[in-house]
Protein chains: 2
Amino acid sequence: MVSSSFRATLLKLGVPEDRLAVLEGKGGVVEGEFEGIRYVRFRDSAKGFRRGTVVFENGDVVLGFPHIKRVVQLGRGIKRVFKNRPFYVEEKVDGYNVRVVKVKDRVLALTRGGFICPFTTERILDFINDEFFKDYPNLVLAGEMAGPESPYIVEGPPYVKEDIEFFLFDIQEKGTGRSLPVEERYKLAEEYGIEQVERFGLFNRSRIDELYDLIERLSREKREGVVMKTPDMKRIAKYVTPYANINDIKIGSHIFFDLPHGYFMGRIKRLAFYLAEKHLRGEEFDEYAKALGKALLRPFVESIHEVANGGEVEEVFTVRVKSISTAHKMVTHFERLGVKIHIEDIEDLGNGYWRITFKRVYPDATREIRELWNGRAFVD
Amino acid sequence: MVSSSFRATLLKLGVPEDRLAVLEGKGGVVEGEFEGIRYVRFRDSAKGFRRGTVVFENGDVVLGFPHIKRVVQLGRGIKRVFKNRPFYVEEKVDGYNVRVVKVKDRVLALTRGGFICPFTTERILDFINDEFFKDYPNLVLAGEMAGPESPYIVEGPPYVKEDIEFFLFDIQEKGTGRSLPVEERYKLAEEYGIEQVERFGLFNRSRIDELYDLIERLSREKREGVVMKTPDMKRIAKYVTPYANINDIKIGSHIFFDLPHGYFMGRIKRLAFYLAEKHLRGEEFDEYAKALGKALLRPFVESIHEVANGGEVEEVFTVRVKSISTAHKMVTHFERLGVKIHIEDIEDLGNGYWRITFKRVYPDATREIRELWNGRAFVD
C-alpha cells in the first residue's frame, strides 16, 4: 500500500491510475522508510518505471537499473549487437549493483531492488566525493560495490584485498534514467576522483582477437568478465569468463537447494558455448570439465556432510561499519528480504570502524538435505 | 472429448460425474483408437484412476502404473521405508515401462502414458507366451522393454546386445491395479517362461553391506539400479547407480535445451548424495567429478558444433518390426506426442523382420542453439 501523498506524486509523475491500482493490489509498489526518508519502490515495472525504481517524497525519481543483455558467443554477439560501431570495453566487476543519489541533503545508496541499503549508505561517502553531488544533484552514480567484506556477495574480485570498494560504471539522470555518454562519464569520474571499473579502451569487431585475449587474461586473473558499450550508451552487452561461470557454480553448490535450477544450468550453458566458440578439445577441454564437476559436487557434498553431522547450511560474512546501529539495521533489512541472519561477532578495529560478522542460515536448503539424508522416499 | 458410450462406461466404473466433466474440459481424458480397438486414456488422475489408466469398450480397466518412490541415501532410505521388514531386491532395467494386457482377443502393450504402442504391441508376443493370458485373462504383465533398438530410449542395458527384450517386474490385476505378491510373480513367470528382471534375493537392513556391494557392481557393469519390494508389494523403493546418473546426463546433454532443468539437476543431486553416503574423497571423488563435467559438456558442445555447421540436433534410432506398416503407425504415434520424426531407412533382415531407422529432430533445441551461436543478446 501507498499513502495518499505518494499516490498523488505517482499520478503526477504519469503512472496511469488503473495500473497503480493493480500494482498496489499485488504489492508491486511498496512504501518504505529509512532514517526519516520516505520512499516508494517498484517491485514490478509500470509504464517507463522499471522494476527497482525509487520515488522520493520530493518527487525525485531514480529509475531501476536496466538489465544488461548477455551474449554467449562473443564474436558473433559483438557482430550482431554492434555491427560496425565501435564500443568501449569495461570490466564487469563481481559485486552488487548500487545507484548512489543525493536526495535533499542525504547521499543514499539504492540496491537493485530499490531498497535504501543501510550498510552501503553509511559507507558510500568513504568512496564517493560529495562534491560531485553538490555540482550535479540531478545525476545518479551507478556502480558495483565489491570486495571480500560485503553483505550480499560471498566473494569479491581478487584485487580488492579487504573491506569493499565502489566501482563506477554508469552515470544516469534522475527522472529519465538516461545514461551520460561514456567519455563524459570517464571525464567526470576523473575530475571528482571517483573510482571506476577498469577500462580497456575502444574496440571494434576487427579487434576481436584482442578481445579474446582479454577474456583469457581476465579468466586467468579470476575476474568476472566485460561489459561492452557504444560511446552513446545506446547498445550494451555483457560477456563473462569461464572462470566466473565455474566459480559461481562453486559458490552456489554450497547452498544447492536454495537456488533455482536455472542458476546452475545457465552457467553450464555459458561455459559450453565458450568451449564451443574457442574449439577447445583434449586436455584443455577435460580440465574445464573436471573443474565444472568439482564445482558442482564438492561444496554440495560438504554441505550434505555438514547437515549429516547435525549442522546447518550457512554462510558467514563480515562487513565494516562506522556505527554498530548500522549492523542492526542490516539485520532488519535482511529480515524484510525474508533472509534469516544474525550477528555473530562485533570487533572494534580501532580506526573508527567495527567489523561485524554475520551468519546467514539457509533453513530450506538445510531441511531438504536433512530429509533426503534421513532416507526420505519421494516421487520425482 | 469422450463419446457417449464411454461416458456411460466411465460413470458406471465410478468416475464422479463432475470430475469427468472437468477432465473432459481440459483434455484429461482422451479417447483413442488402435486397429479398431477403442479406448480412453487418463492424462490426469481421477478418484482411483491413476494417470495413464486405460479403459476399454468392454469395461476392462488397466490402471496407470504407479510411480515408485526414490531414495538417494540407500542405508537410511532402506531403514525408513522398510524398517525391519525383509525386502526383495530386483534390477531396475533401463528401458521403457509397458503394461501388457489381453483385451477381448488381442494382447496389447500400453505405454506409461496410456497409449497402445503400435511397435511394442506388434512385437510383444515375441517375448510373452500367450498361454499366460489364456489362463489369467484378468492379469496385467508390467515390465521394461529394453535394448539398443528401442523407439523411446537411446541406450539399452549392456546385456541386451541387439533388438529389444521384455523384462517382467510386476503382475497386477485388471480393475484394481493390485500387485501379486513377489513370490507368486516369480512362480508364474517361471511357469510360463516369461523373462524377468534379474532378482538378487531377499534382503533386510542388516545386509546393507551386501547391498552396497551390489550397487558398486551394477554401476561397474553399466546397469541402472535396483528396485526393492516387500514380499507383499506394499512398500517399494528404488535407487540408481552413480553410473546411471552420469550416463543419463551424458545422453541428455546432447539435447540440452529439450530437457527440463530438473532432468540434470535431479541426477546431480543423486550423484552428490551417493558421494556423500560413501564418503568418497581424493582421486575417486575427482574421477566422478570429471565424468560428470564431461557428461554435461561434451555432447552439448558437439551439438553446438553440429548446429554451427548447419546441422540439427537429432537422434537416430532403429527398431525391428514384422510389418512396415507398424513403422508408419509409429510415425503417427510420435506425431500425436508432438515429436518430429521420420523414417530414414528400411532394411529387410531376411528373417521375417525389417529394421527401420528413424531420425528424430529436435527443432526447439536446434533453434535455441542456432540463435545463441548467432550471437543473440538476451536478458536472463
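Visitor: Which residue stands opposite A:Val55 in E4(A)?
Guide: Before that, a word on what we're viewing: this is a predicted model, where local features need pLDDT of at least 70, side-chain atom pairs count only at pLDDT 80 or more, and totals for chains, interfaces and linings use all residues. Residues are numbered from 1 along each chain as its sequence is written, chains are lettered from A and ligands numbered from 1 in the order in which they are written, and side-chain values use heavy atoms, leaving out hydrogens and water. Strands (E, at least two residues) and helices (H or I, at least four) are DSSP runs numbered from the N terminus, and two strands pair if DSSP finds at least two bridges between them. Here, A:Val61 is the residue opposite A:Val55.

Visitor: How many bridges join strand E3 of chain A to E4(A)?
Guide: Two, and these strands run antiparallel. They belong to an open sheet ordered E1-E2-E3-E4 in chain A, with E1 (29-34) and E4 (61-62) as the edge strands, each pairing on one side only.

Visitor: Which helix packs on that sheet?
Guide: Contact means heavy atoms within 4.5 Å. Helix H1 (residues 4-12) of chain A touches E1, E2 and E3. For directions, axes are lines fitted to C-alpha atoms, for helices over the stretch in contact, and angles run from 0 to 180 degrees between N-to-C directions. H1 of chain A makes about 55 degrees with E2(A).

Visitor: And what is the strand order of the open sheet in chain B?
Guide: E10-E5-E11-E12, with antiparallel pairing. Its twist averages 20 degrees from one strand to the next.
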